[in-house]
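Please read each point alongside the coordinates.

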Amino acid sequence: MQQMLRITKGQLDGNSVTLLRADHTNSHLNSILILQERCTDRSGAMVVYAPVDFPAMQLVIGGGDSTNVALLQSGFVILPDGSSSSAGGVGHKTCGSLLTVAFQILVNSQPTAKLTVESVDTAYNLISCTIEKIRAALHCDV
């Protein structure tokens, strides 16, 4: 991913809105961008992202109307679970986290279309893979 634009929000490092582009050496991927917002504070962390058409984003960046830009946002939130224990040993407090993952996926643009087994499998694999990557990034054992 290549960062094309980043707008910092607030005082905390990392809170930002970013426009990303997939590998620019691969020409068929140049038309899709990812609009991402990251926010972290004492209450938790959130990442929300959505694929955006390159021509639509050019229009918005140029001052055009953004109401016609379709966004199917996805993302995740990590919050403390509110518990603490001394299971980590004397003087060590541990607490858990709650992970909420949400996806909006356009499976079929026809309003009367039926959900297929392949669509369900694709969604399941996407969710499972995303959760595993988040767990690996946070070094979660459970």
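What percentage of the 142 residues of the protein count as buried? The points below begin with the answer.

1. The model is predicted, so local features need pLDDT of at least 70 and side-chain atom pairs count only at pLDDT 80 or more, whereas totals for chains, interfaces and linings use all residues. Residues are numbered from 1 along each chain as its sequence is written, and side-chain values use heavy atoms, leaving out hydrogens and water. Of the 142 residues, 16% count as buried (buried means under 20% relative accessible area, exposed over 50%, partly exposed in between, with a 1.4 Å probe and protein chains only).

2. Overall composition. Two helices and six strands are present (DSSP runs numbered from the N terminus: helices are H or I with at least four residues, strands are E with at least two). Along the sequence they follow the pattern β-β-β-β-α-β-β-α.

3. The sheet. The six strands form an open antiparallel sheet in the order β1-β2-β3-β4-β5-β6 (two strands pair if DSSP finds at least two bridges between them). Because β1 (2–8) and β6 (97–102) stand at the edges with a single partner strand each, one side of each has no neighbour in the sheet. From one strand to the next, the twist averages 15 degrees.

4. Strand β4 and its surroundings. β4 (residues 44–53) runs antiparallel to β5 (residues 74–80), and five bridges join them. Within this pairing, M46 stands opposite V77 in β5. Helix α1 (residues 54–61) lies across β1, β2 (16–21), β3 (32–41) and β4, at about 105 degrees to β4 (axes are lines fitted to C-alpha atoms, for helices over the stretch in contact; angles run from 0 to 180 degrees between N-to-C directions).

5. Residue Q36. Q36 is placed in strand β3 and counts as buried because its relative accessibility is 17%. Leaving aside residues up to four places away in sequence, Q36 touches S16, V17, T18, L20, V47, V48 and Y49 (contact means heavy atoms within 4.5 Å).

6. Contacts across the chain. Among contacts between residues at least 6 apart in sequence, 30% join residues at least 24 apart.

7. Accessible surface. The protein exposes about 10,500 Å², of which carbon and sulfur atoms supply 58% (areas come from the Shrake-Rupley method with a 1.4 Å probe; for residues, only the protein chains shown count as cover).
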